[in-house]
Amino acid sequence: MATGKNIRTYFNDHWHEGDVPIMRAADHGAWLGTNVFDGARHVNGLSPDLDAHCARVNRSAEAMMLTPTVTADEMVAIVKEGLKEYAPDAAVYIRPMYWGIDGDSTAVVPSQDKTGFAICLEEIPMAPAHATATLTTTRFRRPVLEAAVVNAKAGALYPNNARMLREAHEKGFSNALAADAMGNVAETATANIFMVRDGEVFTPIPNGTFLAGITRARHISNLRSDGVTVHETVLSFDDFHNADEVFMSGNMNKVTPVTALEDTGYQVGPIARRVRELYWDWAASDR
């Protein structure tokens with residue numbers, strides 16, 4: 001799924017130019033979906049939280065019953081080597097990934113003896129600072145750990161995201177605000193979610209139904225250091241309809257203000273703008 005350009009692929013201990021084949025038809029990941037990935041960003045010479053993303057893909061592999069084969073530090077070094085081939089101002093999406101190769105005697109459980117590994121670098125521009133999103137509700141919900149590998153950034157979870165997005169697009173909105181199994185707000189189809197009320201920030205508390213993102217955690221830390229009160233708590237759809245501001249948080253674009261939740265409109269507010277400033281100030285100071 002190449003969405004950008006100027007792709008480079010690390011596979012079998014070497015960097016290759018282009019979108020090279022890395023998986024075989026009989027690989028466990030190809031036919032039974034045992035694949036995980038992570039996504040980091042390189043923008044204007046900065047790779048914020050790259051080490052955290054590399055560490056998380058190893059945790060995701062373990063959650064998928066795969067054996068990680070590359071340490072986070074080794075992964076960071078490999079990525080930095082690959083990034084040398086890009087222009088200094090290039091916006092690059094960094095995607096390390098693992099997949100199952102063999103199965104055990106049942107064929108269903110991935111073998112612990114062999115795990116595929118690759119890194120894909122792909123030039124994908126950041127969304128402009130003025131980009132916004134509109135949200136609607138969706139009949140599809142986030143699963144629980146007992147029903148899906150929600151403690152991993154797993155490719156197997158994304159068909160449910162796609163169903164949410166298609167429903168939202170068919171209704172004329174750009175994204176969907178999804179509920180957990182109990183009917184409380186979890187996140188959007190593609191990103192974590194925040195709301196602002198009376199100058200304080202609220203975000204759904206991680207409850208095992210969605211992946212609490214690395215960028216989400218960075219925003220919470222930055223806001224609290226800036227003196228803003230941030231609550232991780234149970235939130236309803238009514239809470240969001242009564243919010244002063246709403247914004248999405250994700251690795252791809254970091255901060256995306258929301259201008260509507262169905263018939264409720266919002267302005268792009270001061271907290272969302274401050275979150276963006278704080279994030280890039282932190283990234284520049286963390287070189």
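Predicted model: local features only at pLDDT ≥ 70, side-chain atom pairs only at ≥ 80, totals over all residues.
Local features are taken at pLDDT of at least 70 and side-chain atom pairs only at pLDDT 80 or more, while totals for chains, interfaces and linings use all residues. Numbering runs from 1 along each chain as its sequence is written, and side-chain values rest on heavy atoms, with hydrogens and water left out.

A core here is a set of buried Ala, Val, Leu, Ile, Met, Phe, Trp, Tyr and Cys residues joined through side-chain atoms within 4.5 Å; buried stands for under 20% relative accessible area, exposed for over 50%, and partly exposed for what lies in between, with a 1.4 Å probe and protein chains only. The largest one holds 27 residues, and Val36, Met75, Ile94, Tyr98, Ile119 and Leu121 have the most contacts inside it. Two or more residues come from each of helix H2 (50-63), helix H3 (72-83), strand E5 (92-100) and strand E6 (115-123). These labels are DSSP runs numbered from the N terminus, with helices (H or I) of at least four residues and strands (E) of at least two. H3 is the top contributor, giving six residues. Apart from this core lies another, of 16 residues, including Val185, Leu235, Met248 and Leu261.

Ala72, Met75, Val76, Ile78, Val79, Gly82 and Leu83 are the buried residues of H3. They sit on the same side of H3, because they cover an arc of only 165 degrees around the axis, the arc being that of the directions from the helix axis to the C-beta atoms. Asp73 and Lys80, on the other side of H3, are exposed. The buried residues of H3 pack against strand E1 (5-11), strand E2 (14-17), E4, H2, E5 and E6.

E1 and E2 are antiparallel and share four bridges, where pairing calls for at least two DSSP bridges between the strands. Arg8 has Glu17 in E2 as its bridge partner. Two residues lie between the strands of this hairpin, and Asn12 adopts a positive phi near 55 degrees.

E5 comes next. Nine of its nine residues are buried. In a regular strand, side chains alternate between the two faces of the sheet. In E5, Val92, Ile94, Pro96, Tyr98 and Gly100 point one way, whereas Tyr93, Arg95, Met97 and Trp99 point the other way, and all are buried. E5 runs antiparallel to strand E3 (residues 35-37), with three bridges, and Asn35 has Trp99 as its bridge partner. Three bridges also join E5 to E4, again antiparallel, with Arg41 opposite Tyr93. Between E5 and E6 there are nine bridges, also in the antiparallel sense, and Ile94 stands opposite Leu121 there. Beyond residues up to four places away in sequence, Ile94 touches Asp38, Gly39, Ala40, Arg41, His42, Leu50, Val79, Leu83, Cys120 and Leu121, a contact being heavy atoms within 4.5 Å.

Two aspartates in loops make a handy contrast. Asp113, in the loop between E5 and E6, is exposed, with a relative accessible area of 74%. Asp49, in the loop between strand E4 (40-42) and H2, is buried at a relative accessible area of 8%. The side chain of Asp49 makes a polar contact with that of Arg218 at 2.8 Å; such a contact is a pair of N or O atoms within 3.5 Å, and within protein one must be able to donate a hydrogen and the other to accept it, with residues adjacent in sequence counting only if both atoms are side-chain atoms. Leaving aside neighbours within four places in sequence, Asp49 is in contact with Ile214, Arg218 and Trp282.

Helix H5 (residues 214-225) has twelve residues and reaches 17 Å from first to last C-alpha, close to the 16 Å expected. Its buried residues include Ile214, His219 and Leu223. Just after H5, Gly227 takes a positive phi of about 90 degrees.

Ile271, in helix H7 (residues 270-285), counts as buried at 14% relative accessibility. Although 72 residues apart along the chain, Ile271 and Gly199 have C-alpha atoms separated by 7.8 Å. Contacts of Ile271 beyond four places in sequence are Val196, Gly199, Val201, Leu223, Glu245 and Phe247.

Conventions: Expected span 1.5 Å × (residues − 1).
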